[in-house]
Amino acid sequence: METKNIMIVGVGGQGTLLASRILGGITRQAGFDVKISEVHGMAQRGGSVVTYVRYGEHVSEPIVEEGCADVLIAFERLEALRYAHFLKKDGVIIVNDQRMDPMPVAVGMAEYPENIIEDLKEKHHVVSVDAKALASQIGNPRVFNTVIIGVAAKRMDFAKEDWIKVIGETVPPKTVEINQRAFEAGYEL
Amino acid sequence: MSKEYAGTKIMMLGNAALARGAYEAGVKVSAAYPGTPSTEISENLVKYKDEVYAEWSPNEKVAMEVAIGASISGVRAMASMKHVGVNVASDPLYTISYSGVNGGLVLVAADDPGIYSSQNEQDSRMVARAAMVPVIEPSDSEEARVFIKRAFELSEEYDTPIIVRETTRLAHSQGLVNLEERVCPEDKPYEKNIAKNVMMPANAIKRHLVVEERLNKMALDANTLDLNRAEYRDTKIGVITSGIPYQYVREALPEASVLKLGLVHPLPKKLIQEFASKVDTLYIVEELEPVIEEQVKSWGIQAIGKEIFTVQGEYSANMLRRAILGQEVECDVPAQVPARPPILCPGCPHRSVYSVLKKLKIHAAGDIGCYTLGAVAPLSVVDTTVCMGASISNLHGMEKAKGKDYVKNWVAVIGDSTFLHTGVNSLMNMVYNKATGTVVILDNSTTGMTGHQDHAATGKTLMGDTTYMINLYHLCKAMGIEHVYEVDAFDLEELERLLKQETQREEVSVIITKSQCALLKTFVPKGKCIVDPEKCKKCGMCVASGCPAMHKAKDGTVEIDPVMCNGCGLCMNSCKFGAISLLENK
């Protein structure tokens, strides 16, 4: 099979690294060769962050490049737009319908683009979700990242039980239950 | 977290794999100072703390010297650091190259092409060549594990320290790793050998020749060394490469022949000549400086390198397709979107101190850490950043150039960890040479930017033990500085009073601003700040300090994200209309 390319993008501190660990776990469990490339350090302080996950029979390059991503999982709208050109023609965007103003916008030096999701939909297959609202309903807005994973999982080739098992193995023991419920909520959307 | 048993295959970060490899090689002592992208090596080594001693040293020079001491005593030892840390450690490195080792000695140097989290993108291979130290470079996590083991063996075989060089992309990529048992060689006996271990002129001049011979021998042996590998496929294109760029070459040119170098210094001349003779067009693909290329070309071998490849940033398969094959990958034009630079976190005590400096229009000679982000709008407080510890000495230089009055609207700002790294020396210099400047130590009880490592003033070691806690106040006092103050970083009034008073004082003074980093596990937020939209006059004073938890709604009123807010109250204190209040945690 051809190597699959997944990108997780968001704002430093949003929990994209946890999402990549879950993806690493699920692809590994299915017996694939996997490479994951992460951003640590300065950008984790509220900057734009990107994680690449590649899996297949044999993976060389650890990064996903422009025009090559099968799935783009965006934790924030503007970040979806920033990285949309990484998608393949038939690629899918899963986007958390949340706005976080970057500092140039917050201080009035730049404008936050309007209608991001509508514009993306013109060119790409887009699934948007208000993950924070869903997570709040479940009882903790902080597990919104697992909700997004649930939405993405529905559009990938792994069994639901396997995802739930991997989440159980990946998240801190005290938060397994709420994360699994968050995943379900996203998956069933 | 997966259980790490020999015989299993698990996903590991490049840095975790380096730690694992060192563990399997029987390393007994490791010393390091945190620095992206090297930090996780030590953080992973402590998983084996029953068998490996690992420490955070105050700086890279100390770490290197600790590792050297351990090697001299006869055990396998390592130091790990980021590229700019290698500069700090270069003094002992250049000389231990002369002495050689007893137990295997490895320095992991982590370069940062693309400057993800650094102040420059220097190439550690250049340092290694100058220091005459061999360099080994892995291409993925599994090679990281295997190559560092070979590094310990070769270090002992050739009686030399060895640099294992990685880059950010290797350090922070996960790949599959096969775990093996730890095999701990017996400690080597220590034998007093003054001619080898005391580098004074008469001894060093002889050792210099030994080093040259050693490198020559290693270069010859490199032609058949297992770390170097010629992969012959189609011979129209041949590529010499190493490290992470090897992966890009394989991705972009799967049919091309590749000479993959695991030992990148010294180079295997015969192997390279042979490879070059068998391919039609030879490319040399290496990120950053043309280190391999210049040597290969100096031997009269025709090759294409930096004529078409950049010296800046990271490479990629698409970049190689474009440069070598002239192929463009089809993709949409990137959208024009506002940048999202990193910023200080909600509840960060640095923001509070900077808001006062900004109000008083005081310039800041800056340093390396999260607080470098005080240079970013809207704060824009920090004037300079050079390297660890430079804030204090830069301020001193300004005063000596322009006089006492000039520095009355300047301070040096430096974090607690950075102060202990090299700031202490600079402060000593200020005292000794009769400076009058003001130093602000931003004490947030951790090494923040690299992900919260302990240091000599936190009371905890890397191994997790409770230890002595160096008291910054008493340390400054002990230097003879009369005016040393400790102040709560969020006490705006007192901070303002002290800054006004001390910058005018014609003596050295130190203001230690204290408040825990809001990301520390032990941090307990006071509550959440909330806005009363009725009272909000939309003046924007509260957002002027650039808290990412706050933003202006369409109608101009301010909203605070309750998940992000850490309840520091800085916005509340800057609101003149009482529109923000703190909803205290019960």
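I began with Tyr55(A), which counts as buried because its relative accessibility is 3%; buried means under 20% relative accessible area, with a 1.4 Å probe and protein chains only.

I noted that this is a predicted model, in which local features need pLDDT of at least 70, side-chain atom pairs count only at pLDDT 80 or more, and totals for chains, interfaces and linings use all residues. Residues are numbered from 1 along each chain as its sequence is written, chains are lettered from A and ligands numbered from 1 in the order in which they are written, and side-chain values use heavy atoms, without hydrogens and water.

I next looked up aromatic pairs (ring centres of Phe, Tyr and the six-membered ring of Trp within 6.5 Å; planes under 30 degrees apart stacked, over 60 edge-to-face, the rest tilted).

I found Phe32(A) and Tyr55(A) in a tilted pair, 5.2 Å centre to centre with 55 degrees between the planes. Phe32(A) lies in the loop between helix 1 (16-29) and strand 2 (33-37) of chain A, and Tyr55(A) in strand 3 (residues 48-56), 23 residues apart. Helices (H or I, at least four residues) and strands (E, at least two) are DSSP runs, numbered from the N terminus.

I then examined Trp163(A) and Phe183(A), which are stacked at 5.9 Å centre to centre and 25 degrees between the planes. This pair joins helix 7 (residues 160-170) to helix 8 (residues 176-187) of chain A. Trp163(A) is buried at 0% relative accessible area, and Phe183(A) is buried at 0% relative accessibility.

I recorded that ring pairs link Phe32(A), Tyr55(A), Phe158(A), Trp163(A), Phe183(A) and Tyr187(A) into a cluster.

Note on methods: Buried means under 20% relative accessible area, exposed over 50%, partly exposed in between (1.4 Å probe, protein chains only).
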